[in-house]
Amino acid sequence: MSTEKKKLAVWKFASCDGCQLSILDCEDELLLLAEHITIAYFPEATKSVIEGPYDISLIEGSVTTPHDAIKALEIRKNSKTVISIGACATSGGIQALRNYIKVSKYVKAVYAKPEYVDTLETSTAIADHIPVDYELRGCPINKYQLLEVLASFIVGKQPNVPNQSVCIECKLNGNPCVAVARGEPCLGPVTQAGCGALCPHYYRGCFGCYGPKENPNTSALAQHLSEYGVMDSDLMRLFRNFNSGAPAFREESKKYD
Amino acid sequence: MRSKDRPRYVLTVDHLRGLFDELSDQGYEQVGPIFRDGAIMLEKINSFDELTLGYLEQQDKGSYNLDQHPDAGYFQYSVGPQSFKKFLNPPRRKLWEANGSSSNFEITVPERPAKMVFWGVRNCDIEAIRILDKVFLEGAYVNDWYQAAKEDLLIIAVGCTHPSKNCFCTSFDSGPMPYEGYDLSLVEVKDGAGHHFIADGKSDLIKHWLNDTEAQLASKDDLEIASRTIEEAIDNMPIRLNPKEASELLKTNLEHSHWEQVASRCLSCANCTLVCPTCFCSTTEDITDISGDHTERWLTWDSCFVGDFSYIHGGQIRPSTRSRYRQWMTHKLSNWYDQFGSSGCVGCGRCITWCPVGIDITEELAAINDNPVGPAKDKKSRGNEKHKGST
């Protein structure tokens, strides 16, 4: 493999910073990471800045302002590889709930001087604005998946990030199914794995933090939950969470609006 | 000695406790059913008293409930979400790791599995192990880890006295009473009069132990009570399918409209395949650290309901849920005969209970049976249809 150190930049858009914290949370692996890549731009971690262009840009957060949209284009121009990380960057995040309401009305209600606020009507994924080389899901992302993706881009192999259901993680980990054994409404069967089935491990239904899995049958799950007494308003909220902007969850949620 | 000629013994809980301790002293790792997180799970246990005691279960399509009951014994339920395949072919297993640079590296392979005892194995799971033997031990490619795990394996079987609503082992040759493939088999009898087990020892190790226990020989009455509890279990399981007929039926109904109907309900979540005691598919993952100096190869359970499972150059062979469900069901109930000479289903009912939307394989089969498409098509026309993108 190439011994030349890759230049990494970490960018923030509309987000809670949790995914960037997952990078810092790598702790033990951070030193090894620093041996193989130069952290050139990462304001969450350091004030020092090395100018672009960059080999890899990680983007956290969604596009919610006209300024964001321009910034995304600039990052794309300045980066060989762009990887969007987290639910905000890959589907618009929890703030994509604004896509279902009239934002200007809220701006007027909340801010004393609404004319100072320059915001878009929607919160959208980075890939809706620029071509993205890879999307890493999660709210927040899983640090081991992030290391896998970075290592794969450095080594030049396909990242091993399965797009299968959370159910598979439950079964591999030996969690009894919370939907079947406890009657918990669980999005696991339609949600992409990656979290290690964290919530079911603590007897909670899956919240869908990693967005829709490949080939999700959201309507069959919703119909089943509905037969078990889950109300339409709750079904809508179930799909309108951290990935409410992901097409499969968005379309399913609209049926109960 | 033939099974019916062997003496049966009456064992107490203390006898079994003693057996557990003796096997521990002999270095066996012991696994069995324990209550955890609302279900009966199969796990490593360090004492006999960790085994589930005092639970009755209720299973239905997509639902599972356990209730504590003072009269319930150790094994008076059917099967939980896990089967013993998790110990013979673990869900995740490191195959090897490599350390060093590309010009100078060393490969290390993990140690072989410990010798194990399986407690409370139902006949459906014994059948499943027999099926897995064919998959992993016969033919050109032997799974050496499975082979090693099987080598010193002791199976303590139980006659299944409380089948669930989803059980249908009577539809196959097997039924609820183990007849081979075990070292010791037990029928638990718990009533007002007491709590004991009618035992049949098959292997030399167990026969010697039985001799040493000086346990009472089972009387005619004891045997009668044991066989009656099994008869009751059989009566509680209606025949749900005819395996041979099912195999033929599916072969001639590959384009049945019902596949689309199932697909509208199926989540392609893979739960059915992961709880199935005979589903054996796996994938391998390579994990490389960022330095490139350390690589691990892992074997992980996989499923025909996963998109990447059928991915080859150019795309997925089975992109639709229709094609995935059909692949699974026709493999279980039909193609398995061609591939391994038996059914791939043992009637344990796990796929019915643990399907999050309660899809019942026997009902789906019945729906096709009620309205079959017609006579068998020859291979050529089937192939052509497939080529037209019928999946």
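Two strands count as paired here when DSSP finds at least two bridges between them, and strands (E, at least two residues) and helices (H or I, at least four) are DSSP runs numbered from the N terminus. With that settled, here are my notes on the model.

1. Ground rules. This is a predicted model, in which local features need pLDDT of at least 70 and side-chain atom pairs count only at pLDDT 80 or more, while totals for chains, interfaces and linings use all residues. Residues are numbered from 1 along each chain as its sequence is written, with chains lettered from A and ligands numbered from 1 in the order in which they are written.

2. The sheet of chain B. Chain B holds an open sheet of 8 strands with mixed pairing, in the order S3-S2-S8-S9-S10-S11-S1-S12. Its edges are S3 and strand S12 (216-217) of chain B, each of which pairs on one side only.

3. Strand S2 (residues 29-36) and strand S3 (residues 39-45) of chain B run antiparallel and share 7 bridges. Phe35(B) has Ile40(B) as its bridge partner in S3(B). The two strands form a hairpin with 2 residues between them, and Asp37(B) in the turn has a positive phi of about 50°. That turn is worth a look on screen.

4. Strand S9 of chain B. Is S9(B) mostly covered or mostly open? Strand S9 (residues 154-158) of chain B is mostly covered, with 5 of its 5 residues buried, where buried means 20 or more other C-beta atoms within 10 Å of the residue's own, exposed means 12 or fewer, and partly exposed lies in between. In a regular strand the side chains alternate between the two faces of the sheet. In S9(B), Leu154(B), Ile156(B) and Val158(B) point one way, Ile155(B) and Ala157(B) point the other way, and all are buried. S9(B) pairs in the parallel sense with strand S8 (residues 116-121) of chain B over 4 bridges, and with strand S10 (residues 184-191) of chain B, also parallel, over 3 bridges. Ile156(B) takes part in both pairings: it is the bridge partner of Trp119(B), and its own partner in S10(B) is Leu184(B).

5. The sheet of chain A. Chain A has an open sheet of 5 strands with parallel pairing, ordered S2-S1-S3-S4-S5. Strand S2 (37-41) and strand S5 (134-136) of chain A are its edges, each pairing on one side only. From one strand to the next the twist averages 25°. Strand S4 (residues 79-85) of chain A runs parallel to S5(A), with 3 bridges between them, and Ser84(A) stands opposite Glu135(A). Helix H3 (residues 66-77) of chain A packs on the sheet, touching strand S1 (6-12), strand S3 (54-60) and S4 of chain A, and its direction makes about 135° with that of S4(A).

6. A helix pair in chain A. Helix H10 (residues 218-227) and helix H12 (residues 247-254) of chain A pack at an angle of about 40°, with axes 10 Å apart. Thr218(A), Ser219(A) and Ala222(A) in H10(A) meet Ala248(A), Phe249(A) and Glu252(A) in H12(A).

7. Leu238 of chain A. This residue belongs to helix H11 (residues 232-239) of chain A. Leu238(A) is buried, with 24 other C-beta atoms within 10 Å. Leaving aside residues up to four places away in sequence, Leu238(A) touches Pro185(A) and Leu187(A).

8. The contact between the chains. Chain B contributes 37 residues and chain A contributes 34 residues. On the side of chain B that touches chain A, the largest share, 3 residues, comes from S13(B).

Notes
Axes are lines fitted to C-alpha atoms, for helices over the stretch in contact, and angles run from 0 to 180 degrees between N-to-C directions. Two residues are in contact if their C-beta atoms, placed from the backbone, lie within 7 Å.
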